[in-house]
Amino acid sequence: MTGLGGGVVIVPLLTSVFGVDIRYAVGASLVSVIATSLGAASTYIRKGYTNLRLGMFLEVATTIGAIVGALIATFITVKMLTIVLAVVLIYSAYLSQRPRPEHCENETVEPLAEYLHLNGTYPTPDGLMPYQVHSLPAGFSIMLLAGVLSGLLGIGSGGFKVLAMDQAMRLPFKVSTTTSNFMIGVTAAASAGVYLTRGYIDPGLSMPVMLGVLPGAFLGARILIGAKTQVLRIIFSFVLLVMALKMVYNSLIGGL
């Protein structure tokens, strides 16, 4: 529903409630993120929310970043991983509460986006609404960072993907979340391959997690279609903030 992929919930849940080592939790989370993306993306694409051309273009950056992040993850301490995740979540929660108009009059045209045919339309109660893609180089750079975070933390980095498209590229929020949901599966798959070769994906842990998130992904996709944008922003921010505070508590006080 928020384009986060569910990793922001799964990693803290597995580590703090079930006592799973964070690297195995990240591996299970990456598998579940793939399932989440597959479960919801089909609905969003069919309804016309997802910008497929933009998603595939930005995936070049996130996939490269994901592989880099996964490769360096095993050389970073558990506490460092936890602190990085918490900082990312808090900053994402802050940015998500900076709403902007969904539709702007007299928008300037981004030449590169126009050349690549990345602009599109999405369904609203008033019919199909066109939108323009802005600041494509900045969005591409943020996606590279999002990929690194995905490989490093196993969260799908949906928070940064959504914020890059919503704030930097100025896409409608529902287009940002649905396109992020489409992208996170590819990003997570790139990271999961590295974690698999290093032995951090446990089938006994990953399978029940994946079976749990898949029906939730279908349900979230149905809810988003009729949800108000501001409600989605509030849910998005609240989930990130709660998970960040929990991770900080576990790392600094709870002795994760």
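Residues are numbered from 1 along each chain as its sequence is written. Because the model is predicted, local features need pLDDT of at least 70 and side-chain atom pairs count only at pLDDT 80 or more, while totals for chains, interfaces and linings use all residues; side-chain values use heavy atoms, with hydrogens and water left out.

The unreviewed UniProt entry carries the annotation "transmembrane region" for residues 29-45, 57-90, 138-160, 181-201, 207-224 and 231-249. Such positions are given in the numbering used here, with shortened feature names, and annotations may be inferred rather than shown by experiment. In the model, residues 29-45 are 100% helix and 0% strand, and the end C-alpha atoms of this span lie 24 Å apart. Residues 207-224 are also 100% helix and 0% strand, with end C-alpha atoms 26 Å apart. Helices (H or I, at least four residues) and strands (E, at least two) are DSSP runs numbered from the N terminus.

Helix α3 (residues 52-73) and helix α8 (residues 173-197) have axes that come within 8 Å and cross at roughly 30°. The axes are lines fitted to C-alpha atoms, for helices over the stretch in contact, and angles run from 0 to 180 degrees between N-to-C directions. The two helices are therefore roughly parallel to each other (angles under 35 degrees; over 145 is roughly antiparallel, 65 to 115 roughly perpendicular and the rest oblique). Residues of α3 in contact with α8 (heavy atoms within 4.5 Å) include L52, E59 and A73, and among those on the α8 side are T179, F182 and Y195. By class, this contact has 15 nonpolar, 6 polar and 1 charged residues. Ala, Val, Leu, Ile, Met, Phe, Trp, Tyr, Cys and Pro count as nonpolar, Asp, Glu, Lys and Arg as charged, and the others, Gly among them, as polar.

Most residues other than glycine have a negative phi. S135, in the loop between β2 (127-131) and α6 (136-153), has a positive phi of about 45° although it is not a glycine. S135 is partly exposed, because its relative accessibility is 29% (buried is under 20% relative accessible area, exposed over 50%, partly exposed in between, with a 1.4 Å probe and protein chains only). R170, in the loop between α7 (158-168) and α8, has a positive phi near 55°. R170 is partly exposed, with a relative accessible area of 36%.

S150 belongs to helix α6 and counts as buried at 0% relative accessibility. S150 and G69 are 81 residues apart in sequence, and their C-alpha atoms are 6.9 Å apart in space.
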